[in-house]
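Hello,

Here is the structure I promised to pass on to you. Please open it alongside this email, and my notes on what was found follow just below.

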Amino acid sequence: MQAKKRYLVVSLGACLLLVAYLWGLQIGEFHHQNHHHPLLHHQHTSPRERREIRNNIYKSRRCRMDTCFDFSRCQRGFKVYVYPLLKGETVSESYQKILTAVEDSRFHTTDVNEACLYVLGIDTLDRDQLSSQYIHNVKAKVQSLPTWNDGRNHLIFNLYSGTWPYYTEELGFDIGQAILAKASIDMDNFRPHFDVSIPLFSKDHSQKGGDKGYLTLKIVPPSRKYLLVFKGKRYLTGIGSETRNALYHIHNGEDIILLTTCKHGKDWEKHKDARCDRDNEEYSKFDYQELLHNSSFCLVPRGRRLGSFRFLEALQAACIPVILSNGWELPFSEIIDWSKAAVIGDERLLLQVSSITRSVDHDKILALRQQTQFLWDAYFSSVSKIVLTTLEIIQDRINSHISRNKLMWNSLPGGLYVLPQFSTDAAVFPFYYSSLGKSPSQEFTAVIQAVTPLQSQLQPVVKLIIAVAKSKFCAQIIVLWNCDKPLPPKSKWPSTTVPITVIEGERKTMSSRFSPHDVILTDAVLSLDEDSVLSTNEVDFAFIVWHSFPDRIVGYPARSHYWDSSKSRWGYTSKWTNQYSMVLTGAAFYHRYYHYLYTHYLPASLLTMVDQMANCEDILMNFLVSAVTKLPPIKVTQKKQYKETMMQQGSKTSRWADPDHFAQRQTCMNSFSSWFGFMPLLHSQMRLDPVLFKDQVSILRKKYRDIERL
């Protein structure tokens, strides 16, 4: 009997232990799941506070452009208003860069009633309550704005949300129906085609231009010393610790270098584990930049938040990002095809990362790395590009019938330089002829800038019209009458086989020569000064060359730039040397799209500067085209007398005779480079000559005889 009782007691005890064990497993699993959920793990918050957090994160989560955006405000165009700073308020360096980027853009307006979109003057970038840059009372401040209207048509920027230890996506105030441009945003909270996912960037990120990527054409083969690298913090506790704590499983110390350190924070020694000392020792043996620039793949695991600085660092270094951050809505995912530039991994399948990266062949590695460089330069290398990309995405949503397609966003020159208001058909732009199997039309339109009265049939402009009209490729001639004298009668113009259209400028400014006139129907434009001296052969040859390079400026008079170290500024030179960086638009071919881009992309400040000086419009066009293509213009052969002829045209009406002309062009160079944020001009030593040019053969065997004869 006693034995039976003891048996029952032991059995009962075992059952209780089993129940306790199973309960412990459930609690452990519950806590494990809580690490990944933004609303759980709030043991120290009241039910009321938890409800407020839930409401702030999920309120208006069904917002879409057609339900939470007032399109009627945008009928006068896409204009963006920046609220002035509140009295006594300051903003962080990063947020000031964002505001500056908006204010410098072509979308900015100072008229609150004209605005389609509003950007807060209140710094909302860092919403971590433990941060020194956390702004208090944001809720009351935004609700006091006269046009807040529950956030409708407002754009809110944020880099950091939530705080230790759970790092939720809580911002500390109700954003209402505002569009959220946020870093490290979770797919569950991201409102598709409404919010915008932006990259996490540091306060040192360039305002404009930005540093170039590190991929060069000389790197062959495309693979590097290391296959896969990572160097960063390891979190011993809390959210974001699981993946980084497991990286040592695939680190081999040879071609896979995954280094972590737990030596960060004040109390790291209290939480250190058995691997800390060994990890810290190995961590110090490798330089991060050396690893970054010598690896084919860079691991980008989640940190405390989903995004990290590693992402942009890898892009710039042409190190293919291997992303391990489940649930992260990647930056600008609405427009960028990240499968062409990154490897999207799964945190749960960490051990497969090494085999996945080893399976990528050299051709694919090169293609992925090239795409990282394109994306870095097009959208991420500066704060201005990040902000402009955000604004362009929103504009495309508003004007959904006039928007860019994925080809435009994911191939050179990038969506910021392709204005869909010109056309939504990629085949119309000069950048996509090759990829689409297209080619430009076989005709051109000559556009002649006329600034002096037409008094004689012997004037250079008359001879120029006759020579250009004889070209078999000329479709029409347009004369832009920017002269102060009255328009001459039609009988004064020479009789030609091609139509001549005379357009009298309303403002008669220098920039008007690049106006996108509707009468220009051909892809090619031949831009000419009225005193240019060209033969028909020269026109034909230059057009044939341009037809092979339709995205570039192709022409005759060349100039160059240089850095003047004694004055720490850019210089301009007209000396004939073995290199050049500009082809002046006084005798040059280019695609008609550049007229539209010049007029609608460049800021009014630069155009006004050109018009007030009556100078530098040709330099500005060269800056623009080189910035878009990342390529120099192309110079073609010209007759020997061209230089001497230009020198003889120093009449009182010629701007070349103005002593201030050269000094003004020096000033323009520096003003233009300041606005672009970098020097886009590139030097070239290439000159294209006709076949048999200067060869010791009969002139009858040469197609373009005049070029060599004159």
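Phenylalanine 332 counts as buried, because its relative accessibility is 1% and the cut-off for burial is under 20%. This residue sits in the loop between strand E9 (320–324) and strand E10 (343–344). Most residues other than glycine have a negative phi. Please keep in mind that this is a predicted model.

Phenylalanine 332 also belongs to the largest nonpolar core, which has 76 residues. Along with Trp338, Tyr379 and Phe380, Phe332 is among those with the most contacts inside this core. Helix H13 (residues 383–398) gives the largest share of the core, eight residues.

Not counting residues up to four places away in sequence, phenylalanine 380 touches Phe332 and Trp338, and its other partners include Pro199, His205, Leu312, Pro331, Lys385 and Ile386. There is also a second, separate core of 53 residues, with Phe429, Ala627, Cys668 and Phe672 among them.

Of its 710 residues, 54% are buried. Among contacts with a separation of 6 or more, 74% are between residues 24 or more positions apart.

Helix H18 (residues 593–600) packs against helix H20 (residues 617–629) at an angle of about 105°, and their axes are 11 Å apart. That angle makes H18 roughly perpendicular to H20. On the H18 side the contact is made by Tyr594, His595, Leu597 and Tyr598, while H20 brings Glu617, Leu620, Met621, Leu624, Val625, Val628 and Thr629. By type, the residues of this contact are eight nonpolar, two polar and one charged.

Asparagine 137 has a positive phi of about 60° although it is not a glycine. Is asparagine 137 buried or exposed? With 60% relative accessibility, asparagine 137 counts as exposed, because the cut-off for that is over 50%. You will find asparagine 137 in the loop between strand E2 (117–119) and helix H5 (138–143).

Glutamine 371, in helix H12 (residues 362–380), is buried, with a relative accessible area of 12%. Leaving aside neighbours within four places in sequence, glutamine 371 is in contact with Lys340, Ala341 and Asn410.

Tyrosine 235 lies in the loop between strand E6 (226–233) and helix H6 (241–245). At 11% relative accessibility, tyrosine 235 counts as buried. Tyrosine 235 is 25 residues from threonine 260 in sequence, and the two are 9.1 Å apart in space, C-alpha to C-alpha.

Lastly, there is a peptide bond to look at. The bond from leucine 412 to proline 413 is cis, with omega near 5°. Most peptide bonds are trans. Proline 413 itself is placed in the loop between helix H14 (406–410) and helix H15 (433–436).

Enjoy exploring!

Best wishes

Conventions: Residues numbered from 1 in each chain as written. Predicted model: local features only at pLDDT ≥ 70, side-chain atom pairs only at ≥ 80, totals over all residues. Heavy atoms only, no water. Axes fitted to C-alpha atoms, helices over the stretch in contact; angles between N-to-C directions. Helix = DSSP H or I, 4+ residues; strand = E, 2+ residues; numbered from the N terminus. Parallel < 35°, antiparallel > 145°, perpendicular 65-115°, else oblique. Contact = heavy atoms within 4.5 Å. Nonpolar A, V, L, I, M, F, W, Y, C, P; charged D, E, K, R; others polar. Core = buried A, V, L, I, M, F, W, Y, C linked by side-chain atoms within 4.5 Å. Buried < 20%, exposed > 50% of the residue type's maximum accessible area, 1.4 Å probe, protein only.
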